[in-house]
Every structure is written in structure tokens, then in C-alpha cells.
Amino acid sequence: MKLKTTLIILALSSAPAFAFDASHGAQSKTREEVKAELSQALRSGDIMAGGEIGAKVSELNSGGYQLKTPVLGKTRDQVRAELEQAVRSGDMLAAGESGSRLNELQPNLYPSKMAQAGKTREQVKEELAEAIHTGDLMAAGEDGRKLNEIYPGQYHQHHAGSTAAHSGHSNGRDL
């Protein structure tokens, strides 16, 4: 009885793996095509290596396989120059798992970066007023929803004319 149950469970659990879609039937490959693709993948190392690394065999043993197409990269001098610049500016990852850069952790040791041109104070204030008006602000909590998603009836829907309608501008049409 236990053997029958095991066989039935195995048959039912493996059924989706052997399911066949008729729309893909016309595009299916022959046995010979699959064998040819497998032998090519084995020759080129274009198959997944065993284990949990998630790398291809050719990536783990690059000397044993020839690349499909030559990869044009940077010269040794270019890489060294980039590394030297990163060391000078502190634009390198700090040790540990923080993901922070050295110039972020110790900004006094590295030259400051040039500030990017941003928005004016007035532009930011206008955007904030619009976000408050439309409920386009993150609500308290961990679900990541905005206020207008939680309370849709309390906020006006955001569209091109809503800002003009509430700010007194009428850009040439009746709202």
C-alpha cells in the first residue's frame, strides 16, 4: 500500500514537468538538435556548474574554454588610473557589510564632491504642497503605501489640471 501511495504522489508531482503545451509543439526541437546544443554547451562551458555558486563552468575555469566573442575591455593602465582616482576620492567600498563608501564614513579625510545643481527652495515647497494636497506622501507604517492609496476618498486625483485649478491659474480653459 505504501509503495502505491508513493508512486501516485511521484506521478502527480512530476506531471507538471512533463506537461505539454500545444502552442509550443510546433517550435519544439528534435532530439538531434537538443543533443547538438548540449554538446556545444559542453565544449564552450556554457552550462551551469554544480553547487550553489550559480556560475557557468566557463566562468569558473576560463582558461579551459575559449570565449564566444572577444570582450573589449579597459587596458591595464586605464584600470590602474581608475583605481588610483577612487583611492584618492574615497569612492571605494568600506570594509564590512554596510555597503558604504569610505568618503561617506569619513568625509573629512577626502575632498568634497562638487554639488549638483538641484531644485530651488521654492520648487521644493511647491512639490511638497502638491504632495500634501494629493496625498502623494508615504503613510506611517511598513507597508509602503501612500496616503492617497489608503484614503482614496480624502484626496483629489492627481492630473495635469488639478494643480492649476487649486492654485488659481486657469491656463486658458474652464475647469
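Keep in mind that the model you are viewing is predicted.

**Stop 1**

Is Asp 91 buried, exposed or partly exposed? Asp 91 is partly exposed, with a relative accessible area of 32%.

**Stop 2: along α5**

Step back to α5. This helix has 14 residues, which at 1.5 Å a residue should span 20 Å. Its end C-alpha atoms are 20 Å apart, so the model agrees with that expectation.

**Stop 3: Leu 109**

Move on to Leu 109, in the loop between α6 and α7 (121–134). With a relative accessible area of 54%, Leu 109 is exposed; the cut-off for that label is over 50%. From C-alpha to C-alpha, Leu 109 and Arg 88 are 9.6 Å apart in space, and they are 21 residues apart in sequence.

**Stop 4: Asp 136**

Go to Asp 136, in the loop between α7 and α8 (147–150). Asp 136 counts as partly exposed, at 36% relative accessibility. Which residues does Asp 136 contact, leaving aside its neighbours within four places in sequence? They are Ala 131, Lys 146 and Asn 148. Show the side chains of Asp 136 and Lys 146: a polar contact of 2.8 Å joins them. Then turn to Asn 148, which is 12 residues from Asp 136 along the chain. The C-alpha atoms of Asp 136 and Asn 148 are separated by 6.1 Å.

**Stop 5: Arg 145 and Asp 143**

Select Arg 145 and Asp 143. Their side chains meet in a salt bridge, 2.7 Å from N to O. Arg 145 is partly exposed, its relative accessible area being 38%. Asp 143 also counts as partly exposed, at 45%.

**Stop 6: Asp 46 and Lys 56**

Now jump to Asp 46 and Lys 56. They form a salt bridge whose closest N and O atoms are 2.7 Å apart. Both residues lie in the loop between α3 (31–44) and α4 (57–60), so the pair ties together parts that are 10 residues apart in sequence. Asp 46 is partly exposed at 27% relative accessibility. Lys 56 is partly exposed too, at 30%. Why can such side chains pair? Those of opposite charge can do so when their charged atoms come close.

**Last stop: the whole chain**

Zoom out and color by secondary structure. How many helices and strands does the chain have? There are 9 helices and 0 strands. Read along the sequence, the pattern is α-α-α-α-α-α-α-α-α. A search of the whole structure finds 7 salt bridges, including the Asp 46–Lys 56 pair.

Switch to a surface view. The accessible surface of the chain comes to about 15,300 Å². Carbon and sulfur atoms account for 57% of that surface. Of the 175 residues in the chain, 12% are buried. Finally, consider the contacts in the chain with a separation of 6 or more: residues 24 or more positions apart account for 5% of them.

Notes: Residues are numbered from 1 along each chain as its sequence is written. This is a predicted model: local features need pLDDT of at least 70, side-chain atom pairs count only at pLDDT 80 or more; totals for chains, interfaces and linings use all residues. Side-chain values use heavy atoms; hydrogens and water are left out. A salt bridge is a side-chain nitrogen of Lys or Arg within 4 Å of a carboxyl oxygen of Asp or Glu. Helices (H or I, at least four residues) and strands (E, at least two) are DSSP runs, numbered from the N terminus. Buried means under 20% relative accessible area, exposed over 50%, partly exposed in between (1.4 Å probe, protein chains only). Contact means heavy atoms within 4.5 Å. Accessible areas come from the Shrake-Rupley method with a 1.4 Å probe; for residues, only the protein chains shown count as cover. The expected span of a helix is 1.5 Å times one less than its number of residues. A polar contact is a pair of N or O atoms within 3.5 Å; within protein, one must be able to donate a hydrogen and the other to accept it, and residues adjacent in sequence count only if both atoms are side-chain atoms.
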